[in-house]
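Here is a friendly look at one protein model, with a helix to start and aromatic rings to follow. Have the viewer open as you read.

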Amino acid sequence: VSGALWFLLPAGSIDRPSLVWPAIAMVAGYALIDKVGWNTDVVLAAFRAGQELFWVRLVQAIVMLVVAIALGVLRDPGVWGLVVATIAAWSAALVVRLVYLRRFARLRVPRADLHEGAGALPGYLRFGLRAGGGSFANTLSDTAPVWILAPLAPVAVVGAWSRVELLTARLTEGLVRVAEMLFPTLVERREDGDTEGYERVLIDTVRYVVGGTLLVAASLGGARFGVMDVFGPGFDVAAGTLAVIMLAGPLHAISIVQQLALYSVDRPLATTVAAVVRMILVVVLGIVFVLMLGVVGIAVAVVIALAISAIVQGRELRRELSGSFMRFWPVRALAAAVLAYGGGFAVAWFVDHNADGHLATLLALVAGSFTYLALYFVAGGTLPRDRERVGKGLERLRRMRSGGPPENGAPGSNTHRGVGAADGKRATLPT
């Protein structure tokens with residue numbers, strides 16, 4: 001990648017030789033620092049170290065903001081300031097990760113453990129080969145819209161799409177955190193033979209992520225003209241595109257949960273097949289629909305491709321379930337989510353359509369979100385076990401605020417591998 005940057009950035013229509021070294025620095029920082037941090041997160045997530053992960057990411061965000069602002073004030077703001085701030089934030093977060101990692105693992109691994117790991121390595125590699133094609137295909141699916149629009153649409157339209165994609169990326173980025181919460185639990189339930197618990201946590205996760213992403217889709221999609229106007233004049237050309245692409249959020253959420261479930265039953269090849277189907281549909285339908293509908297066509301293609309990919313994965317996952325998913329997601333709760341989306345979208349559109357200015361856009365987003373939540377609860381979107389979970393969460397917060405012992409007991413003495421009892425127990429807590 002660095003070699004490609006060396007030749008591409010100073011050439012042709014890009015003509016940005018000053019970006020070569022900053023870009024290479026970002027590539028090196030990602031490979032040597034940030035990627036190591038992400039791999040460390042996998043270990044922390046396996047032990048459900050949510051509190052530690054929270055502090056890691058909070059430190060990264062604060063360092064990024066502080067360094068970037070300081071460099072911008074002390075010297076002329078430029079790309080190097082953001083590069084330095086980003087790498088500094090990655091480095092600080094990595095240090096915090098390594099400190100926390102000592103709670104769960106030894107940094108110096110005994111020879112016997114290395115030998116055991118070497119014996120398990122072929123199985124990991126086989127799994128990775130079956131899953132890796134899907135990751136590659138999904139990456140192509142995510143980047144294909146820009147490459148399709150570039151030769152078929154004006155530069156201004158491509159720029160408008162990039163803003164839409166920016167908002168969509170923030171939505172799907174949060175779904176990555178679902179894996180950290182869900183995957184250890186799925187594996188644990190399956191290993192314990194808890195079929196009902198496995199299926200319940202799987203379907204409930206789908207319910208929660210679909211409900212949350214539909215909330216965002218309703219408010220942002222309804223207030224689409226005001227939202228795109230925030231970026232400046234001319235970007236409203238992609239307002240309709242924003243409303244359509246927001247529906248990719250729930251579909252993406254479903255797809256990620258299905259993928260994790262198929263991973264947990266050792267069927268990664270099924271996810272690769274679904275990802276390849278998605279990639280082909282995005283490319284083929286994207287070109288056809290852009291020629292027919294303009295920029296909104298690429299959003300339609302992305303949504304259709306995600307929906308069909310989810311259907312393909314769903315058919316494979318259905319074979320692993322003992323019964324219908326409707327046992328844990330009643331028709332009334334499903335209908336409540338659809339009704340809430342329609343109501344929230346309509347209210348956000350009405351406010352955005354009848355008022356001008358950024359304050360009106362904010363009001364439209366708030367009104368749409370409030371309407372969505374109200375309809376969702378009134379129409380029966382929540383189930384008794386949801387309310388029970390909320391009650392337990394509130395009770396736990398009250399215990400923490402009152403200084404009482406946590407539900408799982410106080411931390412004990414160090415046990416095997418230097419892991420505290422409370423920390424080690426998180427690896428087997430029911431969720």
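The expected span of a helix is 1.5 Å times one less than its number of residues. With that in hand, turn to H4 in this predicted model: the helix has 23 residues and runs 33 Å from its first C-alpha to its last, close to the 33 Å expected.

Which residues of H4 are buried? They are Gly81, Val83, Ala85, Thr86, Ala89, Trp90, Ala93, Leu94, Val96, Arg97, Tyr100 and Leu101. Among the elements that cover these buried residues are H2 and H3. As a reminder, an α-helix has 3.6 residues a turn, so residues three or four places apart point the same way.

Now for the rings. Rings pair if their centres lie within 6.5 Å, and the count comes to eight aromatic pairs. Two of them are set out here.

| Pair | Centre to centre | Angle between planes | Class |
|---|---|---|---|
| Trp6 and Trp21 | 5.5 Å | 80° | edge-to-face |
| Phe47 and Phe104 | 5.1 Å | 35° | tilted |

The Trp6–Trp21 pair is edge-to-face because its planes stand at 80°, and the cut-off for that class is over 60 degrees. This pair links distant parts of the chain, with Trp6 in helix H1 (residues 2-8) and Trp21 in helix H2 (residues 20-46), 15 residues apart. Trp6 is partly exposed at 43% relative accessibility, while Trp21 is exposed at 52%.

Phe47 and Phe104 also link distant parts of the chain, 57 residues apart. Phe47 lies in the loop between H2 and helix H3 (50-74), and Phe104 in the loop between helix H4 (79-101) and helix H5 (111-152). Phe104 is buried, with a relative accessible area of 3%.

Elsewhere, ring pairs join Tyr372, Tyr376 and Phe377 into a cluster.

Terms used: Residues numbered from 1 in each chain as written. Predicted model: local features only at pLDDT ≥ 70, side-chain atom pairs only at ≥ 80, totals over all residues. Heavy atoms only, no water. Phe/Tyr/Trp six-rings, centres within 6.5 Å; stacked < 30°, edge-to-face > 60°. Helix = DSSP H or I, 4+ residues; strand = E, 2+ residues; numbered from the N terminus. Buried < 20%, exposed > 50% of the residue type's maximum accessible area, 1.4 Å probe, protein only. Contact = heavy atoms within 4.5 Å.
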